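I opened this entry to look up the pocket, the strand pairing, the salt bridges and the confidence. My notes follow in that order.

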Amino acid sequence: ALPISDITLRFTWDFQRDLGKGGTIEHTSEKHITDLEPDNPVRAELAALLQGTRDSPVRVSNLFPKYIRAPNGPEANPIKQLQPEEEASYLDVEVQLQRERVGEGNSTNNILEWWVIRLKDCETNDCNILPMVIFNDKVSPPSLGFLAGYGIMGLYVSIVLADRKS
């Protein structure tokens, strides 16, 4: 019998911030991991894609989180309040492995491969676009950083004091 290999799906998102606008961490990322058990039919369908015996897309349920909170720190996590069933609230996608022969000869070095991910049951023309809503902290410019440290009340008090002095 052939040994059974682990198959793990990792869906990773990565955001880059402009540090010139007052951010403290330039890159933030996170991932959603799904382990596929040996008896999972998605596992067999993905293996067939990799082996080249299947061409049609494979449906992967609950892979794509729609709502992410990316504050000014290093984390970028799904928002549990907007996805109350957590992973069960994530969107279903279809994945397909595309192959294209480049160059001459039959070498495997001449084959380009890439994954195409689409929303499942998409009814618009934008099925190749994965809609993700990102909530991030508004960062004040470095020149106003001394005010931002005191929050909205500190900003209000500073404006009132400045107004009273003029």
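Predicted model: local features only at pLDDT ≥ 70, side-chain atom pairs only at ≥ 80, totals over all residues.

**Pocket**

I looked up the largest pocket. Its volume is about 250 Å³. What does its lining hold by class? I find 10 nonpolar residues, no polar ones and 1 charged residue.

Then I listed the names. The lining consists of Ile7, Leu9, Arg10, Phe11, Leu46, Leu50, Val60, Leu63, Val95, Trp115 and Ile117. Arg in this list counts as charged.

Which element gives the largest share of the lining? Strand 1 does, with 4 residues. I checked which elements supply at least two lining residues each: strand 1 (7-16), helix 1 (41-51), strand 3 (58-64) and strand 7 (111-119).

**Strand pairing**

Next I followed strand 6, residues 91-101. It pairs with strand 3 in the antiparallel sense, over 4 bridges. I noted one partner: Val58 is bridged to Val95 in strand 6. Val95 is also one of the residues lining the largest pocket.

How many bridges join strand 6 to strand 7? I count 9, and the two strands run antiparallel. Here the bridge partner of Arg101 is Ile111, in strand 7.

**Salt bridges**

I searched the whole structure and got 4 salt bridges. I took three of them in turn.

Asp92 and Arg59 form one, with their closest N and O atoms 2.5 Å apart. The pair links distant parts of the chain, Asp92 in strand 6 and Arg59 in strand 3, 33 residues apart. Is Asp92 buried or exposed? Asp92 is buried, because its relative accessible area is 19% and the cut-off for buried is under 20%. Arg59 is partly exposed at 34%.

Asp121 has a relative accessibility of 56%, so it counts as exposed, the cut-off being over 50%.

I then turned to Arg99 and Glu113. Their salt bridge has its closest N and O atoms 2.7 Å apart. Arg99 sits in strand 6 and Glu113 in strand 7, 14 residues apart, and the pair links distant parts of the chain. Arg99 is partly exposed, with a relative accessible area of 35%. Glu113 is partly exposed as well, at 45%.

Which residues do shared partners join into one network? I find Arg59, Asp92 and Asp121.

**Confidence**

Last, I looked at pLDDT. The chain averages 79, and 77% of the residues score at least 70. Where is confidence lowest, and where highest? Helix 2 (residues 145-148) is lowest, at a mean of 56. Strand 3 is highest, at 91.

Technical notes:
Residues numbered from 1 in each chain as written. Heavy atoms only, no water. 1 Å grid on protein atoms, 1.4 Å probe; cavity = no way out; pocket = protein on both sides within 12 Å on 5 of 7 lines; lining within 4 Å. Points joined across faces, edges and corners; volume = space filled by probe spheres on them. Pairing = 2+ DSSP bridges. Salt bridge = Lys/Arg side-chain N within 4 Å of Asp/Glu carboxyl O. Buried < 20%, exposed > 50% of the residue type's maximum accessible area, 1.4 Å probe, protein only. pLDDT = per-residue confidence, 0-100.
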